[in-house]
Amino acid sequence: MTVESLADLIRFSSGLGPTRYCFRGQSDAAWSLIPTAYRGLNELDPAFSPSDAPWIGEIERDLYRIYENESERFLGARAGSKWHKLFLAQHFGVPTRLLDWTWNIFVSAYFAIRSNESVDGSIWVLNFSDFPFPQALGNRPRQGAYSLPAIENLMPVERLRFFDSYSKSEDSDGCAGIGRGPEDSIASELQSNNPSRGAMILVEPPRLEVRLSNQKGLFSVHLSANGDEVIWDHAAYIRNVENYFERKLLAKLVVPARRKAPLAAELNKAGIDALQIFGDINGLVERLRQLRAETYRVFTQERSAVRQR
């Protein structure tokens, strides 16, 4: 489906019915759903292989360890648990395995038109209600995604290698790591011919920052029984889950490049702008930059019209 206006978005969202969906906007429709820690892997030549995974895992652990060690002096009590630190790392732009989503389709539209004016944008639509999450997570929440306590109960941080303190994560004979084999509460529910030995989870972060609340945000994250397994493309993973369970879970709306500026203007009139989305000084600065670009575009158009008379 193509989205060319705010009215198109309203019509689409009104037709979704009682099924719950979450959304992700991206400014280039050619992009897949790749967390920042894994971007570029799709461009490797020769192509990415499982033998590359330990190296990717080392980089991920190094980044998290440095962030954990250095950020406390800036964040203080806000740093919280390891998961809290990971959420904040994603929030501040550190490359992580998390991928941002939102419950609000209009927020996702903002990110679809935010940049890359010359190419089509996209809004990914994920069917939360029908997604096959592990039963060990408990009942599917009526409001929001799974809570952090539910995730920690399913997979304690001590068993997640991406939180390890060492670059080279110890195997199951050591004191760290996730253990041997697929006999894990996640993996045992996703059979061997499913796309991975783990599962993609959608987690609702604590509202640690204003923008997380304003954006109605949640994260997808892949948890695996194999600590060095890298599921770097969430779209490919979800397509495999669709095929295995024979159900439709993922769709993509396209925002044509020529409609980005008009849709941005409509969203702005509806109060969906950078200041509302980010709710901080960075949002204010971005909104002022956009305002300058909008007024300059009008100025040049009017100036050109006057010269042609």
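In the predicted model, Ile281 is found in helix α10, and at a relative accessible area of 57% this residue lies over the 50% limit and is therefore classed as exposed. Together with Leu284, Val285, Leu288 and Leu291, Ile281 forms a nonpolar patch on the surface, and the accessible area of these residues together is about 420 Å².

The C-alpha atom of Arg287 is separated by 9.9 Å from that of Ile277, the two residues being ten residues apart along the chain.

The largest pocket of the model has a volume of about 810 Å³. Its lining is made up of 32 residues, of which Arg24, Arg39, Gln90, Asp100 and Phe111 are the closest to the centre of the pocket. Both strands and helices contribute to this lining: at least two residues each are supplied by β1 (21-26), α3 (82-92), β2 (99-102), α4 (105-113), α6 (210-214) and β5 (217-223). The largest share, four residues, comes from β1.

Side chains of opposite charge can pair when their charged atoms come close, and the structure holds eight salt bridges. In one of these, the side chains of Glu4 and Arg258 meet with an N to O distance of 2.7 Å. Because Glu4 lies in the segment before α1 (6-14), whereas Arg258 lies in the loop between β6 (250-255) and α8 (260-269), this pair ties together parts that are 254 residues apart in sequence. With regard to accessibility, Glu4 counts as partly exposed at 26%, while Arg258 is exposed, its relative accessible area being 57%.

A further salt bridge is formed between the side chains of Lys82 and Glu68, at 3.0 Å from N to O. Here Lys82 is located in helix α3 and Glu68 in helix α2 (residues 53-75), so that the pair ties together parts that are 14 residues apart in sequence. The relative accessible area of Lys82 is 26%, and this residue is partly exposed; Glu68, by contrast, has a relative accessible area of 15% and is buried. This contact belongs to a network of salt bridges in which Glu68, Lys82 and Lys85 are linked.

Within helix α7 (residues 234-245), Arg239 and Glu242 lie three residues apart, which corresponds to about one turn of the helix. The side chains of Arg239 and Glu242 meet in a salt bridge with an N to O distance of 3.3 Å. The two partners fall into separate accessibility classes: Arg239 counts as partly exposed at 31% relative accessibility, whereas Glu242, with a relative accessible area of 9%, is buried.

Terms used. Residues numbered from 1 in each chain as written. Predicted model: local features only at pLDDT ≥ 70, side-chain atom pairs only at ≥ 80, totals over all residues. Heavy atoms only, no water. Patch = residues over 30% accessible without salt bridge, like charges linked within 9 Å, V, L, I, M, F, W, Y side chains within 5 Å. Areas by Shrake-Rupley, 256 points an atom, 1.4 Å probe, with all protein chains shown as cover. Salt bridge = Lys/Arg side-chain N within 4 Å of Asp/Glu carboxyl O. Buried < 20%, exposed > 50% of the residue type's maximum accessible area, 1.4 Å probe, protein only. 1 Å grid on protein atoms, 1.4 Å probe; cavity = no way out; pocket = protein on both sides within 12 Å on 5 of 7 lines; lining within 4 Å. Points joined across faces, edges and corners; volume = space filled by probe spheres on them.
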